[in-house]
Structures are given as structure tokens and as C-alpha cells.
Amino acid sequence: MYNTRFFLFILCLLPALITSISSEGQPGYSVVSDRFFFRSADPSGDSSSAFVSSPNWFAIPTETGQAQVGLVNRFGMAGLNEMVIGWMRPLGNGSFRLDGLTSGDADFRQATMQAGISKRISKSFWFGSSLGLGVTGVRGYGTRWAPAVSVGVGGKLGEKIFWGSCWENPQIMFTAKGLLGSHPGRIRGGMVYHYSSAVEFYVGMGWESGMATSSYLRVGYRLSPIWKLALGYGWQPDQIILSVQRWIRNGYLQVGFSQDPVLGSSFAFSVSRHLKEKK
């Protein structure tokens with residue numbers, strides 16, 4: 001009871017804490033890589049049967065440790081890329097996670113590292129928050145360090161639906177001018193419908209000031225116990241995305257491809273592992 005009251009007290013203080021922090025960091029992924037990077041969300045923790053997947057920003061506590069490394073080559077340009085690393089482990093009635101990101105090209109480079117906690121409030125509702133540092137460098141303008149903050153909530157509706165929402169502190173725009181200013185934060189929301197043992201649907205939306213609202217629809221189909229295929233279509237930017245997963249020992253390997261009618265092609269590669277607890 002004491003721990004629950006203390007947690008609710010901290011939760012009430014979070015809005016004041018967030019608004020008092022400088023807003024020049026960006027903890028999240030780009031819209032492009034956000035559509036590629038998913039992780040297992042099956043609460044059973046059985047890696048041999050897990051199928052449900054959710055975006056990296058979902059604040060879902062894990063019952064087994066997880067690790068992930070991913071790379072996106074954006075729009076077919078070798079210098080414009082994003083690399084992410086992530087690590088999670090169970091912690092009490094929730095989980096602890098570390099996330100790292102580097103993105104950009106020779107003229108603009110950004111990196112962040114965050115630590116966060118996800119906690120189950122009940123069987124169908126959980127809360128997550130993270131805090132870290134970000135660095136942004138623009139050729140000719142130098143570099144700048146700043147805090148990176150995100151807060152997320154999520155839950156389950158019955159046994160079929162996972163939902164989540166995440167708020168991230170204002171981001172640096174992908175221009176040199178953006179280094180000198182800030183923009184209101186980014187909000188993301190999504191829902192995963194686990195239709196059957198072989199089929200799932202995901203729909204998500206993202207909003208940030210000064211840019212069009214993005215949305216994404218994704219259908220996943222499990223071809224066999226070790227192969228999974230996912231096809232998605234996004235708006236703002238408009239993209240069609242195809243990804244193939246192959247389950248490997250305690251995890252999976254994923255390769256993805258997307259096509260934007262204006263910006264061109266993007267490619268992604270990621271490896272995710274379930275980390276067994278030592279006994």
C-alpha cells in the first residue's frame with residue numbers, strides 16, 4: 001500500500017517536472033524507423049509461441065529480458081541512417097529499460113540515451129517514463145546537449161487488444177535552424193488487435209506541431225512457427241512497408257523494405273533476443 005501511494009505521488013508530480021525541463025532533446029525515433037521497429041509484447045514470455053508485437057515506444061512491462069539492435073537506411077541514402085539499441089529486464093511489478101538512438105548524416109547528427117521504468121498498475125493498465133540526455137550536432141553550428149524525456153501509458157482490453165500512448169519532449173527539427181529553437185512535443189498512440197494465433201492488426205497515429213499528422217496501418221500474418229510476414233501502409237509520409245521475420249533461438253531476425261513515392265526507398269535490419277533469467 002505504501003509503495004502504491006508513493007508511486008501515485010510521483011505520478012502527480014510528473015507534469016510539473018516535465019514542464020520545468022529544457023526542451024531541446026528528442027528521445028523518439030523518426031516516423032520512418034518507428035514503422036519498422038517492433039518488439040514482442042506477449043505477456044506469456046514464451047518466445048516459442050509469442051506473436052503479438054508492438055512499437056518500441058509502447059510502455060509494456062516485460063516478463064522476460066529483451067535486447068534489440070536495429071538499423072534503418074533511410075530513403076536509399078547511405079549517409080542518412082538511424083541505429084537503435086534497446087535492453088529490457090523485469091523489475092518488480094514492471095521492467096527496466098535502456099534505449100539508445102543515433103540518426104542523421106554528415107551534416108546533421110543526433111544521439112540520445114535514456115533509462116526508463118514501466119510499471120503495472122493493474123492487470124490491464126501500466127505506466128512508463130524515461131529520462132536521459134540527447135546531443136545534436138549541425139555542421140557549422142556546433143553541438144548542444146539537452147534532457148530527453150518521455151511518458152507513456154498503455155494497457156489491455158480483454159485478451160485481444162493492446163493499446164498505448166506516448167508523449168515525448170519537443171524535438172529538434174531536421175535542419176540547422178532547428179538547433180536554435182524548439183517545437184511542441186510529439187504524441188503517439190496506437191492499438192494492436194491480436195485477431196488469432198496467426199493474424200494481428202496494428203493502427204497508429206503521431207502528431208507534432210508544424211507537421212502533418214502521420215498514421216500507419218499494419219497487418220501481420222504468421223506463416224509458420226518460425227516465419228512471420230507484415231505489410232503496412234503509412235500516411236505523412238506516404239509509404240508502403242513490407243517486413244519479414246524469422247524466429248531464431250530466443251528471438252527473431254527481421255528485414256524490412258519501404259517505398260516512398262517522393263523520397264524513395266528505405267531498408268531496415270534488426271535482431272531481437274529474449275534474455276532468459278539466470279537461476
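You're looking at a predicted model, where local features need pLDDT of at least 70, side-chain atom pairs count only at pLDDT 80 or more, and totals for chains, interfaces and linings use all residues. Residues are numbered from 1 along each chain as its sequence is written, and side-chain values use heavy atoms, with hydrogens and water left out.

Next, the aromatic pairs: the whole structure has 11 of them (ring centres of Phe, Tyr or Trp, the last by its six-membered ring, within 6.5 Å; planes under 30 degrees apart are stacked, over 60 edge-to-face, the rest tilted). Pick Trp 57 and Phe 58, a tilted pair at 4.7 Å centre to centre and 45° between the planes. Both Trp 57 and Phe 58 are buried. Back at Phe 257 and Phe 267, the ring centres are 5.3 Å apart and the planes at 50°, so that pair is tilted too.

Hop over to Phe 38, Tyr 202 and Tyr 216, a cluster linked by ring pairs. Show Arg 218 as well: its charged end sits over the Phe 38 ring, 3.9 Å from the centre (the rule is NZ of Lys or CZ of Arg within 6 Å of the ring centre and within 35 degrees of the ring normal).

Notes:
Buried < 20%, exposed > 50% of the residue type's maximum accessible area, 1.4 Å probe, protein only.
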